Every structure is written in structure tokens, then in C-alpha cells.
Amino acid sequence: MSGKLTRRGFLKKTAVATAGTAAGAAVLNYASPHLLPEQPVFQPNRSHWAKYQIPVNPSLGEDCEADVAIIGGGYTGLSSAYHVLRNTPSRKVVVLEAKRCGNGASGRNGAMVLTMTADRFIVFSADPAMDKRIYDLTVENIGTLREVSSSAGIDCELDTHGALEVFNTPDAVEAGTAYIEKARRLGFPFEFWDRQRTKDAVGSNRYLGALFDPNSGQVHPMKLTHGWKAAAEGVGARVFENTPVVSIEEGSTHRLRTTGGREIKAKSLVLATNAYTSKAGHFRNTVVPLHAYIGITPPLEEGTLNEIGWRSRLPFFDSRTLVYYLGLTRDNRIHIGGGRVDYSFNSGLAERGDGESAYAALKRELVRIFPRLAGMNFETTWSGLVDMTPDFAPAVGRTGKHGNVYYGLGYCGHGVNLTSLFGRIIADLELGLDSRWDTLPFVNRTPLYVPNEPFRWLGVQGALEYYRRADHIE
Ligand SMILES: Cc1cc2nc3c(=O)[nH]c(=O)nc-3n(C[C@H](O)[C@H](O)[C@H](O)COP(=O)(O)OP(=O)(O)OC[C@H]3O[C@@H](n4cnc5c(N)ncnc54)[C@H](O)[C@@H]3O)c2cc1C
């Protein structure tokens, strides 16, 4: 046969095929954003927390000029406005929110107020001193949440009696014990709770132990949003709701346009748009929006609560990668979130049609934790968007051709506390006070690259499937 394949020929063909595939993939990766423009979608918040209604402001009715324009009326945007004006009260600051403040993750989350260390929640980096600094900053920031809300006249139901990471497996106990020992040597106030103490605290015998952090806690997410909104307005910010920004023309003075055709000119722009950020044309290759689910029970009778035995009332999350997290509200409702998260092709933001199976899985997990709740249905279920980065770490900083675009994002489901620390950092960077923060690892860091479709979809599905199997999540 004339077409006999020699070793050299085979290698040559393989090299050509590999190079061709790589070139094709690169072209597809480059062309994909042009072929598949991302659609901004702002669906109403159906969460339990949204039953608490913050008075809504009018939309922007005329063109305006500002020193700082902030897109997004969640914790990041509202706290950035507050801190910019605390730094310089005379400046003009506008917040532009597509729907109502708290319509995004800030009004839909799992209510846990968590401390953290360098690159993510309680995982040590190579620099213990930096870990401790960040832990202390996040503890201090929880104090700020209390002060800011109460001075704005809003009781955001902040309880800071601590929170637990509960361990599901013997491996998690072993790793947790070693971790806590190291943490205590470094000056962290964490405690290891054994199986019995954990059961006495949360009422479930499913867990083999726990890490207790005395400085974390819980909050009413929408009331916290109200606190930040009232505080920002109290120092002079103008907050416009039902005002989606549809285009951004960057410059030394930015020009933003809203769906209502209004123009905003501003010298500085803050992107406080979380999982929606890529829709504004930024961070498309940084943030992956994931759909996360929560269910909440009706208020439990005193007798049922006693039988469950969640005596400490401490919020807790488990030791899986795709964590389950639970809280008990002041009016005795139990909420559970986590486990399954979903990615929609092309970073789709619209609510998914398969939510019911996610809520059914949450219900099954709730009954596994508290068998006494068999037969009880959730009163409300909802989903929200989490802004994941591939390395599970957040980022805050400055970008743009003119160095006047600021951002805080990539909270990966741990933003209730961190967002407003980032609001403070954004305000300082905007004023040129970089030296206060530039040693922190998440300031102006370059997050890992997320490829475009279809590679993103394939990569995220693969990663989620890996975590589901590792965590034994249905
Ligand atoms: C289900 C769920 C559970 C969570 N649980 C916890 C938890 O227990 N503890 C914890 O610490 N963290 C938790 N998080 C994460 C936390 O809620 C977020 O990190 C935090 O709320 C992010 O706040 P933000 O202000 O950056 O974003 P968001 O609150 O999402 O605000 C962004 C806002 O920008 C607006 N916007 C976007 N684009 C535009 C535009 N073009 N024009 C105008 N407005 C725009 C959106 O409408 C939105 O209101 C959870 C998140 C979810 C979704």
C-alpha cells in the first residue's frame, strides 16, 4: 500500500492535527463573544428576605454628572458610595440599580456573616501574618456592619455569637483538627468542638465535629441592604432604582446610558455588578455566574424546635466543597441552601427551569439533618447568582484605559461581610490611597482566565461534576 504510515509520518500528522485543533480552538475562543453576545437579565427577587420591602427610589429621570457613578445597588455598590462620601463628603456620587436595591445576591443570600483569611474562607496562605491581618479586618468590618446599620436607624438583625463549620467525614475532622491547632498557634480564636458538643449545639448527630469561629454570625440580608442604602443616602449619595445601565463608554470622563435613554457623565466608575459584571462588557473572562438555591420553612412551633435541639441557634455550613449551609431566623424558620449549583450556557442569568429538583434535594438534605422535619414543606424557595472565580478568590481594584474603573467581585458566595470591606477599599483606591491596601493579596490581583464558550461550559460542567462526586452530592 502506497499510504503506509511511518513513525515519522504519524508524528508529523499528529503534530499538524494538534496544531490545527489548537488554532481552531483559539479562533473559536476569540470569535465566541462576538457570535454569542451575553444578555443582561434582571429577574425579580422572590426570596423570603424580599418580603421585607425597602422603600423604592425613582429611576433616573434626567441626564446627570457625578464624580463617581456606581453601577449596582447591592452591598458592594451601596457601601462604596457610603465610603467614598465618608472620605470626601463634598463629592457627587450616584448609584444606578437595574431593579431595586437588594435585587441581586445581597437580597437573596444565606445570611451568614463570615470572617476570612487570605485567599478564601479560613484556608491559610503561605503568609500567616497576612491571614491574621485579613481575619482581623473582616472581624472589624462586622463591627462596621452593626455601627452603620444602627446609626442609619435600621436593625438588620445582626447576631454575632459565632458560626460553625461542621465536619461530615473523618478526613474532614482530621484536617479540621490540624487546621484549628495551627490557627490557635497563630492567634486565631477558633475552637474544635467534638461530636457531642456539635450535636448539643446544632441538634443533629450527622456531624463528627466542628470548627467554631466566635466572630462570625448571621444577619437579615435585605435589612442589611436597607442599612447600607440608608447609610449611603445619609451621607449624600443619590440612589436611582429601576435604572439599568445599558452602555458604558469609557474615558477620562465616562459616559453611561440607561434603558430610559439618560446619560450619566462621571470621572470614576465603580462596577458593583457581581455575577452580572460581564454583561457590562467587563470581566467576561474572570467571573462565572452560578445559580444557587435556598429554601426556608414556615416558623417552627416552640415544641418542634425543642425536639430538633438546635440550642445554640448558631448558623452552620458543612465541610464539602459544594457546601450546605443552614440558619435559624429570629422568628424560628430554618433556611437551607447549597449543595447543587448550576451553570447556564453563555453565563446565562435567567432563572432555570429545573429549580424544583434543586429544592427537592435541599428538602431531602434538611430531613437528613433534622429527621423531625419530614413532611414539612418549604414556605418559600428561591435562587440567586454567585460570582465564582476559578481559584475561588475575590478581587478588588482599579482597571480601565484611564485607570478610573473600580471593581469588587468574585466573592464566591462569601460576600455578605467582604463586600463592604471592598467598598471601603474601592473608596480609598478611588482617592489614590492605594498604599493602605496594596499589600493585600486580592487588591489588583489578576484572576485566572476563564475561556469563552463553548470551552467555559465544558470546563464548568466538568468541575461541578467532579465536586458533586467528591462531595457525594445528589
Ligand atoms: C443563594 C446565595 C447564597 C449566599 N449566601 C451567602 C452567605 O450565607 N454568606 C455570604 O457571605 N455570602 C453569601 N452569598 C454571597 C453574597 O450574597 C454576595 O457575595 C454579595 O451579596 C454580593 O454583593 P454585591 O453588591 O457585590 O452584588 P449584588 O448584590 O448581586 O448586586 C449587584 C447589583 O448590580 C445590579 N446590576 C447589575 N448590572 C447592572 C446594570 N447594568 N445596571 C444597573 N444595575 C446593575 C444588579 O441588579 C444587582 O442588584 C450568597 C449568594 C447567593 C446568591
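Which residue forms a salt bridge with Arg 46, and how far apart are the closest N and O atoms? Let me begin with what we are looking at, and then come back to that.

This is a predicted model, in which local features need pLDDT of at least 70 and side-chain atom pairs count only at pLDDT 80 or more, while totals for chains, interfaces and linings use all residues. Residues are numbered from 1 along each chain as its sequence is written, and side-chain values use heavy atoms, with hydrogens and water left out.

Now to the salt bridges, a term that here stands for a side-chain nitrogen of Lys or Arg within 4 Å of a carboxyl oxygen of Asp or Glu. The partner of Arg 46 is Glu 351, and the closest N and O atoms of this salt bridge are 2.8 Å apart. The pair links distant parts of the chain, since Arg 46 sits in the loop between α1 and β1 and Glu 351 in the loop between β15 and α8, 305 residues apart. When I name helices and strands, I mean DSSP runs numbered from the N terminus, with helices being H or I of at least four residues and strands being E of at least two. Arg 46 is partly exposed, at a relative accessible area of 41%, and Glu 351 also counts as partly exposed, at 29%; the cut-offs are under 20% relative accessible area for buried, over 50% for exposed, and partly exposed in between, with a 1.4 Å probe and protein chains only.

The structure holds 32 salt bridges, and another of them joins the side chains of Arg 456 and Glu 38, at 3.6 Å from N to O. Arg 456 lies in helix α10 (residues 455-471) and Glu 38 in the loop between α1 (7-35) and β1 (64-71), so this pair ties together parts that are 418 residues apart in sequence. Arg 456 counts as buried at 1% relative accessibility, and Glu 38 counts as buried at 10%.

Because Glu 379 lies in the loop between α8 and β16 (380-388) and Lys 51 in the loop between α1 and β1, the pair ties together parts that are 328 residues apart in sequence. There is also a network of salt bridges, which links Arg 206, Asp 318, Arg 320, Glu 365 and Arg 368.

Let me turn to helix packing. Two packed helices are described by the angle between their axes and the distance between the axes. The axes of helix α3 (residues 128-151) and helix α9 (residues 415-430) come within 9 Å and cross at roughly 90 degrees, where axes are lines fitted to C-alpha atoms, for helices over the stretch in contact, and angles run from 0 to 180 degrees between N-to-C directions. The two helices, α3 and α9, are therefore roughly perpendicular to each other, a description used for angles of 65 to 115 degrees. Among the residues that meet are Leu 137 and Ile 142 in α3, and Leu 418 and Arg 424 in α9.

Methods
Parallel < 35°, antiparallel > 145°, perpendicular 65-115°, else oblique. Contact = heavy atoms within 4.5 Å.
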